[in-house]
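Subject: Structure handover

Hello,

Here is the structure we discussed, for your files. My notes on what turned up in it follow below.

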Amino acid sequence: MADVPIADTFQFDAQGFFILRGAFDAERCRRYVEELDRLFEQEYDDPWLQVEGVKGQTTVQFTEGQRRINGLPLWTNVFDEVISFTPVVDRLRAWMQAPQLVNTWAIDKTVGTPWGGWHRGLNPDDYSVRNGKVRSRMLNCVFMLTDNDEDDGCLAVVPGAHKSQIDLPMADYKGKALPGMVPVLGKAGDIVMFTETLLHTGAPKTSERRRTNLYFNYIDATYNPAMRELLADHAGNINHYVFPPQVRSRFDETQRELTAWMEWQRTSPAEAPEA
Ligand SMILES: O=C(O)CCC(=O)C(=O)O
């Protein structure tokens, strides 16, 4: 594991996010966008959602101006190399205790996509620094495959709010900037790593250009993603998170290590036993 520059760690801790500039070249971005287009064309039947009482997201979701696809390695091997992309893995290991990949998705936006809702994946209690070591219990990596300019529906964050315990009346900020918000701007090939305790959303898309990003979200090994989804009444989502053995068997050592928790998870919900 390479040493992560202390300046990067300082910035990540101070702001709650860090941007790796120019990490992917134009050809890699083009190849990934092309693969996403192929995946968006396909049909996904999400059988677990037919099971009574199981709620969760469908694999592909179309909302105003936007499409999203979940569980990328279930459908293609093209993004496997993203899991083990060394500059990201080095920083995950520096800023988490034991990173494990939990959720992967892509969002593709066109003109008209409105503001997203402000949210954080975990509370500020789940971010700490002890003896100079950052411990983020959930860390999201955003891979920009196209430029993310201000009018492109870019990621928006409140720098430093990963530590903020002041409760704003969030209902007042639906479709609005939070105080101190900044747009996270970047070029195709840039990568944003942010702690999920940071308040964030997607800004509205007013440009005609396409905006396409990948999201690879890591949790700490001490945190149980299945329980998280169950408690949130989204048990079906775990089907997007867990890659079955036939998927993990094509992985390299780093990819297998970063997905080790999946060895111990069943996907489809259990059938009720016969009475
Ligand atoms: O890039 C964006 O549009 C924001 C996405 C986001 O906040 C999320 O997927 O949780």
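Please keep in mind that this is a predicted model. I start with the aromatic contacts and then turn to the ligand.

Aromatic pairs

Searching the whole structure gives 12 aromatic pairs. One of them joins F24 and F85 in an edge-to-face arrangement, with 4.9 Å centre to centre and 80° between the planes. F24 belongs to the loop between β1 (17-20) and α2 (26-41), while F85 belongs to the loop between α3 (80-83) and α4 (86-95), so this pair ties together parts that lie 61 residues apart in sequence.

The ligand sits in the largest pocket. Two or more residues of the shell around the ligand come from each of β4 (99-109), β11 (200-202) and β12 (211-220). The residues surrounding the ligand are R68, W105, I107, K109, H119, L155, H200, T201, G202, R211 and Y215. Sorted by class, this shell holds four nonpolar, four polar and three charged residues.

- W105: a polar side-chain atom is 3.2 Å from an oxygen atom of the ligand.
- K109: an N or O atom of the side chain is 2.7 Å from an oxygen atom of the ligand.
- Y215: an N or O atom of the side chain is 2.6 Å from an oxygen atom of the ligand.

On its own, the ligand has 300 Å² of accessible area, and the protein covers 88% of that.

Regards

Technical notes. Residues numbered from 1 in each chain as written. Predicted model: local features only at pLDDT ≥ 70, side-chain atom pairs only at ≥ 80, totals over all residues. Heavy atoms only, no water. Near = heavy atom within 4 Å. Polar contact = N/O pair within 3.5 Å; in protein donor to acceptor, adjacent residues only side chain to side chain. Areas by Shrake-Rupley, 256 points an atom, 1.4 Å probe, with all protein chains shown as cover. 1 Å grid on protein atoms, 1.4 Å probe; cavity = no way out; pocket = protein on both sides within 12 Å on 5 of 7 lines; lining within 4 Å. Sits in = over half its atoms within 2 Å of the grid points. Helix = DSSP H or I, 4+ residues; strand = E, 2+ residues; numbered from the N terminus. Nonpolar A, V, L, I, M, F, W, Y, C, P; charged D, E, K, R; others polar. Phe/Tyr/Trp six-rings, centres within 6.5 Å; stacked < 30°, edge-to-face > 60°.
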